[in-house]
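Good morning, and thank you for the time. I shall walk you through selected local features of one model, which is now shown on the screen.

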Amino acid sequence: MKNNTVVKNTYLAVDFGGGSGRVMAGSLFQGKLELEEVYRFPNRQVKLGKHLYWDFPALFAEMMNGLKEAARRGYAVKGIGIDTWGVDFGLIDKNGNLLGNPVCYRDSRTDGTPDKVFRQLDPRDHYRTTGIQVMSINTLFQLYSMKEAGDPQLAVADKLLFMPDLFSYFLTGVADTEYSIASTSELLDARGRCWSVDTARALGLPEHLFGRLVMPGTVRGRLTDEVARETGLGAVDVIAVGSHDTASAVAAVPVTDDTVAFLSSGTWSLLGVELDEPILTEEARLAPFTNEGGVGGRICFLQNITGLWIVQRLMAEWKQRGEEQTYDELIPQAESAVVTACIPVDDACFMNPGNMEAAILGYCREHGLPQPQGKAEMMKCVLQSLALKYKDAVSRLNRLLPAPVSRLNIIGGGSQNRLLNQLTADALGIPVQAGPVEATAIGNILTQAMAKGEVAGLDELRGIVARSFASQLYYPRK
């Protein structure tokens, strides 16, 4: 009997977030993308001594478990792409050894560092080169704090590898740096899409740390023989995608109209538009907007805004107290709650407090605002504060664009929060389109397919997204 089973090329997206990671499998079939979760695992920060670290060995082991599970399921795997959060990195020596666990961007080592750096650099000239929103978490400030502290790792390090580059390196043995993740560092020339050597020199940072840049859609290397055997996948290509998770997510925005803005909604909110070239004006610097790299060499012109981090911390605290509630329970209660207080979600007091609920109540008390009573009011307070922050960001964005934003497309996990979607539409006064939820994995997988010739370019990629995944529209309420 003839076997009519269709063997579909499968691409694996390894997507690391601040709280969890997963391995997703994607295959193209009849012009649509079929997506399946293969493996999910937790991520955590570990406090050791004076610093807060990521547990890189544990994360690598979990990724390997996910790859083994993909092999066990019998996928015809043609590529693997890795994406993570931005700015954080590991250092390897000339023998290829990891010198220490990567430090988490929420560590306090960069407190006050931007002020020290800008005693040596003119912030206006610096922005005209790098185009990056100044945040103390950025790689530039992490490295400068290490230099100031006399960290011995810098003396023996051969290469700096951002988190996705580090995972890729230990899969393939090839040490290079993907463009979109490098752009989060505040050490890249935004126009030239190359390292800003002048910035490194001005601050006395070791120039040899910054290696060869590769663009999304480039094959980085193949699994080493050892990894190929251990996972059971064989000789599979590891492909550079938009390895900053925002870049992969933005690639999966299904609408490409110039007046449609995106909001990648998760632990962080990244709100902006996609451009061919960076905007490096003084107005953009003061707004403040950042010019990060995207798929196809494009620019993700956006604001970094604290996202659902505050909500995530509140939910974790309530669970720890034995008062756990699900989003499905809380959101309907929050919808009917009447709350007038709004908090500045980007304030330093909400960055990493010992207790988030206490931080919110304390802020309201100190600023004469009505304190939210109970979980539903606390949730409503945070979500409407986020919506107002998005309104401010879009207003600033409109002043920098030739035409105002006509629609906001929310992608990522936060697009499932229907109350936040509606509050955002109400605040902005424009329609909000929600979805796809799995934007990062989708963009990762389809960029791999583009590298392999299955997808012709970004326009076709986005057409596949629009055909494959439903979205929901929210209109402003009068």
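This is a predicted model: local features need pLDDT of at least 70, side-chain atom pairs count only at pLDDT 80 or more; totals for chains, interfaces and linings use all residues.

I begin with a definition: a residue is called buried when its relative accessible area is under 20%, exposed when it is over 50%, and partly exposed in between, using a 1.4 Å probe and protein chains only. Residues are numbered from 1 along each chain as its sequence is written, and side-chain values use heavy atoms, with hydrogens and water left out.

Let us turn to Ser180. Ser180 counts as buried because its relative accessibility is 0%. Ser180 sits in helix 7, residues 179-182; helices here are DSSP runs of H or I with at least four residues, strands are runs of E with at least two, and both are numbered from the N terminus. The side chain of Ser180 makes a polar contact with that of Glu178, at 2.7 Å. By polar contact I mean a pair of N or O atoms within 3.5 Å; within protein, one must be able to donate a hydrogen and the other to accept it, and residues adjacent in sequence count only if both atoms are side-chain atoms. The Ser180 side chain also reaches the backbone nitrogen of Ser243, at 3.2 Å. Leaving aside residues up to four places away in sequence, Ser180 touches Gly242, Ser243, His244, Ala247 and Gly293, where contact means heavy atoms within 4.5 Å.

Next, some backbone geometry. Most residues other than glycine have a negative phi, and most peptide bonds are trans. Glu186, in the loop between helix 7 and strand 10 (188-189), has a positive phi near 70°. Glu186 counts as buried because its relative accessibility is 0%. Val87 likewise is not a glycine and has a positive phi, of about 70°. Val87 lies in the loop between strand 6 (76-83) and strand 7 (89-92), and it is buried, with a relative accessible area of 6%.

Where are the cis peptide bonds? One joins Ala287 and Pro288, with omega about -10°; Pro288 is in the loop between helix 11 (282-286) and strand 17 (290-293). Another joins Gly435 and Pro436, with omega about 5°, and Pro436 belongs to the loop between strand 20 (432-434) and helix 17 (439-451).

I now come to Val236, in the loop between helix 9 (225-231) and strand 14 (237-240). Val236 is buried, at 3% relative accessibility. Val236 and Ala76 are 160 residues apart in sequence, yet 9.9 Å apart in space, C-alpha to C-alpha. Beyond residues up to four places away in sequence, the contacts of Val236 include Val77, Lys78, Gly221 and Arg222.

Finally, helix 1, residues 56-73. Helix 1 has 18 residues and spans 26 Å from first C-alpha to last, close to the 26 Å expected at 1.5 Å a residue; the expected span is 1.5 Å times one less than the number of residues. Among the buried residues of helix 1 are Phe56, Leu59, Phe60 and Glu69. Gly74 follows helix 1, and its phi is positive, near 80°.
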